[in-house]
Amino acid sequence: MPEREGAAPDSRGPTRDGTRPGRDGGSPARDGESSARARASSAPHAVRGTAPCQRLTARQAIAAVADTYTELPTPDGPGGRRTAHRPGGDKPDGPLGWPGYDASRARAQARTGEDESVVTALAAIGGATTVLLSFEFGYLGGSIGERTGDRLEAAYGLARERGLPVVSLIATGGSRMQEGMRALTQLQRVAGQSALNRAAGLPQIAVLRDPTTGGGWATLGAGADVILALPGAQVGFAGSRVRPGDADPHAYSAEGQLAAGHIDAVVPPDALRATLRRWLQLLGGARESGAEAASEPAPPPYALGTHDLPESGWDAVAGARDARRPRAEAYLRAYFDDWEELSGDRCGGVDPGMRCGFGHREGRTIAFAAQCGTATRPAGFRTAARLVRLADRIGIPVLTLVDTPGAANDAAAERAGAGAAIADAFAALATAREPVTSLLIGEGGSGGALALAAPGRLWATPDSYFSVIAPELAAAILKRDEQQVRDTADQLRIRPQDLLEMGVVRDIVPPA
């Protein structure tokens with residue numbers, strides 16, 4: 001939690017009308033009259049594109065990602081009405097009567113031109129209208145106080161009223177100590193607003209600038225649906241002054257949080273604007289406000305491998321295990337025009353063998369969770385469940401690609417909760433309101449594969465198989481010798497045509 005005012009920005013950003021001061025021009029902080037006039041204006045501001053970095057001002061950050069924006073009016077919330085007096089009747093210094101707090105806020109406003117630590121706006125980003133929240137670290141370290149809570153609550157409410165996504169450009173050190181528990185409880189307020197928007201099916205995207213720590217990370221950041229970060233940003237619940245002295249700094253970085261499965265991507269500064277545009281195009285307006293009807297199901301992809309059905313069960317196994325067989329990457333490229341991926345299970349794990357995200361196909365958005373032919377780890381199942389639930393909430397159909405020899409069964413997987421993770425994936429698919437389409441593209445190894453197969457909506461390619469257990473393991477359990485593995489494969493009836501005959505799959509997909 002910040003003890004002092006944040007450092008002044010290294011460079012001056014756009015003024016309140018979206019322009020930049022000249023060499024001899026005054027900053028908004030030195031021109032209070034023009035700042036007040038601009039704040040009162042409701043006209044949209046055109047903003048010039050700038051390459052974003054971690055320590056941009058709030059308005060520079062807006063300019064880095066938005067085409068135009070209109071600043072939202074300051075709400076008359078509880079934080080704007082409450083005052084307290086120090087003993088002795090001196091000038092009020094916030095809800096606690098903290099000596100010098102008023103002077104600190106005045107200096108912060110003079111230095112930054114802002115009267116609070118967050119700027120809220122209605123912005124256009126690549127043709128998508130969004131509610132934008134941008135933090136000013138130069139104002140008391142971007143800390144969250146009561147008036148910050150007022151603005152955030154009003155912004156979330158506007159997003160619900162208009163059915164818009166929320167994009168947060170975060171740079172904060174946490175809750176404001178000079179307001180004590182009044183400041184800390186703003187985290188409950190923000191979390192409540194975020195939950196209301198989530199229940200309304202409205203996407204939330206966070207961009208983690210430097211630093212994103214404390215309650216700002218634990219609510220606006222970690223609570224978002226899609227979490228992007230700028231390279232080298234400090235990200236963590238514990239700020240640099242309160243964490244253990246011997247703590248690994250990598251764990252508190254954007255890159256460390258990505259490796260641990262807590263954020264979706266570290267985005268280079270010059271790619272942030274385009275990345276945000278793509279995400280908003282994929283997620284924004286997926287379901288009209290109040291709509292209850294499910295989307296049209298995603299069509300199953302065409303088969304990309306062999307067109308011939310296997311003659312025996314063992315032929316089916318051999319074909320599915322063939323290294324030359326098309327994998328998830330080939331199917332995603334053939335199916336989608338473009339896509340963006342999520343990463344991590346938000347519980348400390350990443351499975352490279354599970355790819356999840358959202359893509360465009362013929363003008364519509366379809367979510368996907370794709371196994372890549374490796375044993376699926378607990379983090380993979382949790383990531384897939386997260387994807388399915390997110391898509392279901394915002395009204396997007398899902399495609400799953402099933403291809404795994406089975407769930408990982410090593411000791412590390414058991415310690416990571418393999419059973420619970422598989423159960424979570426089963427539950428996510430079983431309760432989805434949006435349609436899920438599944439295609440078996442290779443190995444269908446037992447429950448680890450079935451966990452990604454939509455009940456009653458599974459198709460198969462000619463070079464695939466699905467089995468209650470691998471033929472080798474079945475033979476071992478039945479105490480058969482190696483010579484009987486092929487016969488066991490036939491007895492298990494695992495070929496695509498067997499699956500169709502038994503009603504396990506709806507059909508065998510044709511080639512393109």
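Residues are numbered from 1 along each chain as its sequence is written, and side-chain values use heavy atoms, with hydrogens and water left out. Because the model is predicted, local features need pLDDT of at least 70 and side-chain atom pairs count only at pLDDT 80 or more, whereas totals for chains, interfaces and linings use all residues.

Buried here means under 20% relative accessible area, with exposed over 50% and partly exposed in between, for a 1.4 Å probe and protein chains only.

**Strand β5**

Strand β5, residues 166-172, is largely enclosed by the rest of the structure, because seven of its seven residues are buried. In a regular strand the side chains alternate between the two faces of the sheet. On one side of β5, V166, S168, I170 and T172 are buried, and on the other V167, L169 and A171 are buried, so that both faces are covered.

Strands pair if DSSP finds at least two bridges between them. Strand β4 (residues 128-135) pairs with β5 in the parallel sense over four bridges, and S134 stands opposite L169 in β5. Six bridges join β5 to strand β6 (residues 204-213), again running parallel, with T172 opposite T212 in β6.

**Aromatic contacts**

A search of the whole structure finds five aromatic pairs, where rings of Phe, Tyr and Trp (its six-membered ring) pair if their centres lie within 6.5 Å, and planes under 30 degrees apart count as stacked, over 60 as edge-to-face and the rest as tilted. Two of the pairs are tabulated here.

| Pair | Centre to centre | Angle between planes | Class |
|---|---|---|---|
| Y335 and F336 | 5.0 Å | 85° | edge-to-face |
| W339 and F368 | 6.4 Å | 85° | edge-to-face |

The second pair links distant parts of the chain, with W339 in strand β10 (residues 338-342) and F368 in strand β12 (residues 364-371), 29 residues apart. Ring pairs link Y335, F336, W339 and F368 into a cluster; Y335 is buried at 4% relative accessibility, and both W339 and F368 are buried.

Definitions and conventions. Helices (H or I, at least four residues) and strands (E, at least two) are DSSP runs, numbered from the N terminus.
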